[in-house]
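This report looks at charged pairs and nonpolar packing in one protein model. The sequence and structure come first.

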Amino acid sequence: MSARAGVRRAVDWGELAPQRQRARQAAEGIYAGMHRSVLRGAGVEFGGYREYVAGDDLRWLDRRSLLRHERLIVRQFETETDRAVCLLLDASASMGFRGPRAPAAKFALAAVLAAALARVALANGDPVSLAFLAGKHRVSIGRSSGREQFERILEALESMEPSGEIGTEPAMLDHALQSLARGSRKGAIVVLFSDLLDWPARAPDRVAQLASSGRLLSVVQTLDPAEVDFPFSGTVRLRALEGNWVVETDAEATRDQYLEALAALTGQWRDAVTRRGGRFLTTTTEKAPVAVVRDIVKAIK
């Protein structure tokens, strides 16, 4: 099964609805009361004009431009805080892994979670953007709001195929983080979905810097159940999805060492993110998307 087909099929977890319906169900299952208005802050100031984009709120159309020049122009407003939601998904090869107990690959769960968060934010009037790290067919979706933005985000998620490596392309990671930092202001929410495996050594601190300038960073470590408890036995042959190495080892002799290394990695990320005021969560592909999205919303609320 291809990774792209896996994203679509994993959304229904075998028998459930397709991705759009699944994302809606996950979003609608989140408790009420997290509404954030489109305009907020100590004051709202006029911020200029821009061309209308399908899905923009029609309340902000400039009628004079429409009547005089037959052009659709939208008035923009600036506030002291920016409640945009910036979604960043790891689409490297390791995110395509699906163990024997998992209902879907790691990227498939991350895609559902991202889509559900986007729907929640857009329903509340908050703009959303989407970007990927690594992966084939990746298309970044610029920050926007409105109903059409949800469909654009879903299309990008569905067309993505996990591939490539983050650890061997530090320039790609730097570029993505710099773009996010430039494109998000005080009050923006940045949510990263990744297994955090095989990232560059300084990556935790680099990512944690996104929590500066008043942004709220939430890192959601997404793992396969087999990666969490290493359930193998006897002699096993392990092949890396990122990199070319293959290891043949005794599972029982390796398990404790592996689990210690995973705990150390998770702890390093957790410390780096929370030290700057960010949020850190760990989940597996066995968990129900509604419950995971609810945890994320509680963390960033």
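In this predicted model, the side chains of Asp-205 and Arg-275 form a salt bridge, with N and O 3.4 Å apart. Asp-205 belongs to helix H7 and Arg-275 to helix H9 (residues 251-275), so the bridge ties together parts 70 residues apart in sequence. Asp-205 is partly exposed, at 40% relative accessibility, and Arg-275 is exposed, at 59%.

The whole structure holds six salt bridges.

| Pair | N to O distance |
|---|---|
| Asp-205 and Arg-275 | 3.4 Å |
| Asp-195 and Lys-106 | 2.7 Å |
| Lys-106 and Glu-227 | 2.7 Å |

Lys-106 is buried, with a relative accessible area of 0%. Glu-227 is in helix H8 (residues 225-229), 121 residues from Lys-106. A network of salt bridges also links Arg-101, Asp-229 and Glu-286.

What does the largest nonpolar core contain? It has 39 residues, and those with the most contacts inside it include Leu-87, Leu-89 and Phe-193. Among the elements giving two or more residues to this core are strand E3 (85-90), helix H4 (106-123) and strand E4 (128-133). H4 gives the largest share, twelve residues. Leu-89 touches residues including Phe-107, Ala-110, Leu-130 and Leu-157. Another core, of 23 residues, lies apart from this one and includes Val-190 and Phe-280.

Technical notes:
Residues numbered from 1 in each chain as written. Predicted model: local features only at pLDDT ≥ 70, side-chain atom pairs only at ≥ 80, totals over all residues. Heavy atoms only, no water. Core = buried A, V, L, I, M, F, W, Y, C linked by side-chain atoms within 4.5 Å. Buried < 20%, exposed > 50% of the residue type's maximum accessible area, 1.4 Å probe, protein only. Helix = DSSP H or I, 4+ residues; strand = E, 2+ residues; numbered from the N terminus. Contact = heavy atoms within 4.5 Å. Salt bridge = Lys/Arg side-chain N within 4 Å of Asp/Glu carboxyl O. Lists of a residue's contacts leave out its neighbours within four places in sequence.
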